[in-house]
Amino acid sequence: MTATYDFGGRRAIITGGAGGLGRGMAKALMDAGAEVELWDMSASALAQARSELGPTVSVREVDITNVAAVEHAADTVFAGGRVDILVNNAGVLGEVKPVWETSPENFQRVLQVNLFGAYLVTRAVVGRMRAQAARHTTKNPHPLRGHVVNIASIQGKEGMAMAAAYSASKAGLIALTKSVAKETARDGIIVTAITPAAAETAMAKEISAERRADILGRIPMGRFVEIEEVARMVLWLSSDECSFSTGGIFDLSGGRATY
Ligand SMILES: NC(=O)c1ccc[n+]([C@@H]2O[C@H](COP(=O)([O-])OP(=O)(O)OC[C@H]3O[C@@H](n4cnc5c(N)ncnc54)[C@H](O)[C@@H]3O)[C@@H](O)[C@H]2O)c1
């Protein structure tokens, strides 16, 4: 039995949308009828994503750490109509070293992209989402204005040796999720986060074979999460089915998280 969704008439923004998880989520949303726009700082990755996903996907070169660029992108997208879904997915891993060997520039950069960038995009998009009309659906008598899904990480819950900046940034993203959810709870804007374990994307390829084996050993199911499994959870969290869970942090760790 599989769940199917109808996202016809819905518009979504996915940051870091040209990356491994971003493309997977874009495909799932597009297959379900959504109009999707990818925001990414890499022009070449965006071109690659477009050739994979087809010409109906919109792509926009945006550095999410740049206030003016994010505001301009949000203005342009909302000028074309409402935005129903925001997936804050752009992220970088940074140095994989014990904290005393890391550079302060690395710590700042990782926090800048993973947390400050997500904050800037949330600020721009949620502010505009609040001004759009709420959707009444027959299934859900409580009107909704939109859904925001933040891609955090199991490392933000548990912490992870050799990835202090990354783990701290994702813990911050979890707290950002909970806070914004409380602010928008009466606006019909649902804000959630997911905490995936490792997936086979470019990010996973940045680590050594030894660390990869260590990470795999921590996952009771004994495997990495499939990109499609991440996409399926994001579909539910972006849909009208998700109407009373806001501020929730959804596990996707094959049993690694016990809370
Ligand atoms: N792959 C994993 O194992 C894993 C596990 C848990 C969580 N995550 C999270 O999932 C998200 C996606 O990761 P992925 O595995 O697809 O990585 P990826 O490296 O394939 O994709 C990340 C994308 O973000 C873009 N990006 C980076 N900095 C940006 C910026 N300043 N502005 C705009 N775009 C920027 C990159 O160009 C890239 O296309 C990340 O937030 C990551 O932390 C990944």
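"Buried" means under 20% relative accessible area, "exposed" means over 50%, and "partly exposed" lies in between (1.4 Å probe, protein chains only). This is a predicted model, so local features need pLDDT of at least 70 and side-chain atom pairs count only at pLDDT 80 or more, while totals for chains, interfaces and linings use all residues. Residues are numbered from 1 along each chain as its sequence is written, and side-chain values use heavy atoms, with hydrogens and water left out.

**View A. Strand E1, a covered strand.**
Let us start with strand E1, which spans residues 11–15 (strands are DSSP runs of E with at least two residues, helices are runs of H or I with at least four, and both are numbered from the N terminus). How many of the residues of E1 are buried? The count is 5 of 5, and the strand is mostly covered. Look at the directions of its residues: Arg11, Ile13 and Thr15 point one way from E1, while Ala12 and Ile14 point the other way. Residues on both sides of E1 are buried.

Strand E1 pairs with strand E2 (residues 35–40) in the parallel sense, over 5 bridges (two strands pair if DSSP finds at least two bridges between them). Which residue of E2 stands opposite isoleucine 13? Glutamate 37 takes that place. E1 also pairs in the parallel sense with strand E4 (residues 85–88), here over 3 bridges. Now follow the chain: E1, helix H1 (residues 20–31) and E2 together make a right-handed β-α-β unit (right-handed means that, with the strands pointing away from the viewer, the path from the first strand over the helix to the second runs clockwise).

**View C. From E2 to E3, and a look at glutamate 61.**
Strands E2 and E3 run parallel and are joined by 4 bridges. Tryptophan 39 stands opposite arginine 60 in E3. Between these strands the chain passes through H2, and this β-α-β crossover from E2 to E3 is right-handed. E3 covers residues 58–61, and glutamate 61 is found in it. Why does glutamate 61 count as exposed? It does so because its relative accessibility is 58%. Glutamate 61 and methionine 41 are 20 residues apart in sequence, yet their C-alpha atoms are 5.2 Å apart in space.

The side chains of arginine 23 and glutamate 52 meet in a salt bridge, 2.8 Å from N to O (a side-chain nitrogen of Lys or Arg within 4 Å of a carboxyl oxygen of Asp or Glu). This pair links distant parts of the chain, for arginine 23 sits in helix H1 and glutamate 52 in helix H2 (residues 43–53), 29 residues apart. Arginine 23 counts as partly exposed because its relative accessibility is 22%. Glutamate 52 is partly exposed too, with a relative accessible area of 47%. Across the whole structure, a search finds 16 salt bridges.

Glutamate 71 lies in helix H3 and arginine 128 in helix H4 (residues 104–129), so the pair ties together parts that are 57 residues apart in sequence. Glutamate 71 is partly exposed, with a relative accessible area of 23%. Arginine 128, at 21%, is also partly exposed. Helix H3 spans residues 67–79 and includes valine 67 as well. With 39% relative accessibility, valine 67 counts as partly exposed.

A further salt bridge joins the side chains of aspartate 214 and arginine 218, at 3.3 Å from N to O. Which residues belong to the network built by salt bridges that share partners? They are Glu71, Asp75, Arg123 and Arg128.

**View F. Tyrosine 5 and phenylalanine 7, an aromatic pair.**
The structure holds 3 aromatic pairs (rings of Phe, Tyr and Trp, taking the six-membered ring of Trp, with centres within 6.5 Å; planes under 30 degrees apart are stacked, over 60 edge-to-face, and the rest tilted). One of them is formed by tyrosine 5 and phenylalanine 7, and this pair is tilted, with 5.9 Å centre to centre and 35 degrees between the planes. Is phenylalanine 7 buried or exposed? Phenylalanine 7 counts as buried because its relative accessibility is 3%. Tyrosine 5, at 21% relative accessibility, counts as partly exposed.
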